[in-house]
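Welcome! Please take a moment to look over the sequence and the model, and then we can walk through some parts of it together.

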Amino acid sequence: MDASKMENGGNRVLNSQKILIRLPNWIGDAILSIPALNAVRDHFKNSEITFIGKGPILQVLQENRLSDHSIVLNGSYLGIFQKWNLVRKLRKEKFDMAILFQNAFEAAFLSFLSFIPKRYGYNTDGRGFLLTCRIARPSKKEKIHQLEYYLRLVASLEGINLNQPKPAIQVTQDEKREVRKRLEREGIAPGEMIIGLNPGAAYGSAKRWLPERFAQLGDRLGRIHKAKIIIFGGASEKNLMDDIENLMVKKPLNVAGKTTVRELIALISECALFITNDSGPMHMASALNVPVISIFGPTDSEATSPAGDRTIMVRKEVACSPCLLRECPIDHSCMTGISVEEVFNEAQNQLFLQNDSGSPAIFLDRDGTINQDTHYVSSEEEFIVFKETPEAIVLFNQMEFPVFIISNQSGVERGYFSSNLPYLLHEILEDYLKKFQAKVSGFYYCPHRPETGCGCRKPKTGLLRKVMEKYPVNLKKSYVIGDQISDLELAHRVGAKGVLVLTGKGKETLIKLKNRTLVAPAYVATHILDAAKWIKQDRGGE
């Protein structure tokens, strides 16, 4: 092959290394594989990469420019003769390597029959003997996210850089222009707020929140925010979407079954908020950096939650979830337990938190971060402030950060102490900090147990909304400091930087974080003062 040959527009020089990548079969999985695909593309800069997969998957990824060629597996591919023709085609291409993101036996068998000398894939589905590089599948006990699952797949490639960026998909300027024209034809003017509802889920009805609740939610949000509502869905879900449209008081724009994959992506990109079941379009919205409310029921949110920063997840803790069933055999309590009011409140929070003006702030957890954690600090005597706390807050003040304490205090609802005690302890803290000329701008706490399902308990964002009702804060430039996963999840949801302190439960949290790639802290600090010094450095200070 001529090493100077340029591929399709001349953006990449090819050499003799030819790589075939079998993509996942589901849109959500394909989007979560993007960081791993990016790593492969960067590692093999001068190689010729061919994607093979279903048409919709290839369309989702087409503007990411991660491959040089693609092979579409359409419906006719299912026949034995068509499979054999595919093998013959692959043999002619003389690929040097195959990387199998799909776990099926067939993917390994076809690459074996195609005489591809290096075959990388997970040792699953009884296909290990067909692979030249068999990668041990992560244990179910690890509970890793699907994004991490794909990164581990390519980690076996020597020298590869796994910097784990968030998945992102692209929309072209032409696609944006076309979708704007379409919206204007439908009576949606430029600048009008658009809220997307995605009530379907291809995997099965168990993943779907109740249709009438989607309708009620759409009417309420449309009325309050004077927003246009768009209902999204596939062609197979059109009857469901038509039912929801008929249930709504104000007629929405129903595009179910009326979009190509690329048109769907472009329409989602126009939304100010996207409310969705666990589905492919959920991951599309997240990868487009659209604010998302994701409703989870029978599926494993730890494995398949959206990977973007602007995501709020709603789910009910029930004994049988995640069951991973397509149809619920009992009462569907994982979904019926989620009320319209709960999702509405999260939608309000999500819309409110999109402010990108204002100043950055410091959000501090309390117990285990600024003072000792005695499990439940239920008296003045148990409130012992860390010696590093005053100096840290002075440093924040010097950097002109407003400092807010946001704390879960479920001991109130549990009856361990009165609702006045948190405020009393804050007054004690304020008096103590005055001796050092340190100042905290506000104190906010949630008194509820996790089972209550309130919108203010971290990692939900209600406490931040209360802060922002009084103070103009730019969350994207802010920092959340704490000793628990809930603090890091909160930072992840609003696009702030999360800092883990190893005081309190921090060391336990660090162990738990081993398989929680998406909420990995920006920094792990010995204590709050170490966190403050790092933030000063991160902000460009000395």
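Predicted model: local features only at pLDDT ≥ 70, side-chain atom pairs only at ≥ 80, totals over all residues.

Residues are numbered from 1 along each chain as its sequence is written, and side-chain values use heavy atoms, with hydrogens and water left out.

**A helix on the inside**

Let us begin with helix α2, residues 34–43. Helices here are DSSP runs of H or I with at least four residues, strands are runs of E with at least two, and both are numbered from the N terminus. Of the 10 residues in α2, 7 are buried, so the helix is largely enclosed by the rest of the structure. Buried means under 20% relative accessible area, exposed means over 50%, and partly exposed is in between (1.4 Å probe, protein chains only). The buried residues of α2 are Ile-34, Pro-35, Ala-36, Leu-37, Ala-39, Val-40 and Arg-41. They pack against several elements, including β1 (18–22), α1 (27–32), β2 (48–53) and β4 (97–100). Contact, here and below, means heavy atoms within 4.5 Å.

**The nonpolar cores**

A nonpolar core is a set of buried Ala, Val, Leu, Ile, Met, Phe, Trp, Tyr and Cys residues joined through side-chain atoms within 4.5 Å. The largest such core has 63 residues, and Ile-21 and Ile-99 have the most contacts inside it. Apart from this core lies another, of 35 residues, with Tyr-445, Val-501, Ala-525 and Trp-534 among them.

Which residues does Ile-21 touch, not counting residues up to four places away in sequence? They are Leu-37, Val-40, Ile-49, Thr-50, Phe-51, Ile-52, Ile-99 and Phe-101. Two of these names, Leu-37 and Val-40, are also found among the buried residues of α2.

**Strands side by side**

Strands pair if DSSP finds at least two bridges between them. Strands β1 and β4 run parallel and are joined by 4 bridges, with Ile-21 opposite Ile-99 in β4. On β4, Met-97 and Ile-99 point one way while Ala-98 and Leu-100 point the other way, and all are buried. Strand β4 is also joined by 4 bridges to β5 (residues 118–122), again in parallel, and there Met-97 stands opposite Lys-118.

Elsewhere, 6 strands form an open sheet with parallel pairing, in the order β9-β8-β7-β10-β11-β12. Its edge strands are β9 (253–254) and β12 (311–315), each of which pairs on one side only.

**Enclosed spaces**

How many cavities of 30 Å³ or more does a search of the whole structure find? The search finds 2. A cavity is a set of points, on a 1 Å grid over the protein atoms alone, where a 1.4 Å probe fits but cannot get out, and its lining residues have an atom within 4 Å of a point. Grid points are joined across faces, edges and corners, and a volume is the space filled by probe spheres set on the points.

| Cavity | Volume |
|---|---|
| Largest cavity | about 100 Å³ |
| Second largest cavity | about 30 Å³ |

The largest cavity is lined by 13 residues, and Arg-22, Ile-52, Ala-107, Leu-110 and Ser-111 lie nearest its centre. Helix α5 gives the most to this lining, with 4 residues. By class, the lining has 9 nonpolar, 2 polar and 2 charged residues. Ala, Val, Leu, Ile, Met, Phe, Trp, Tyr, Cys and Pro count as nonpolar, Asp, Glu, Lys and Arg as charged, and the others, Gly among them, as polar.

The lining of the second largest cavity has 5 nonpolar, 3 polar and no charged residues. Helix α11 gives the most to it, with 3 residues.

Glu-302 is in helix α12 (residues 301–304) and is partly exposed, with a relative accessible area of 34%. Its C-alpha atom is separated by 9.7 Å from that of Leu-518, 216 residues apart along the chain.

Ser-205 lies in the loop between β7 (194–198) and α8 (211–225). Ser-205 and Arg-326 are 121 residues apart in sequence and 6.2 Å apart in space, C-alpha to C-alpha.

Key
1 Å grid on protein atoms, 1.4 Å probe; cavity = no way out; pocket = protein on both sides within 12 Å on 5 of 7 lines; lining within 4 Å.
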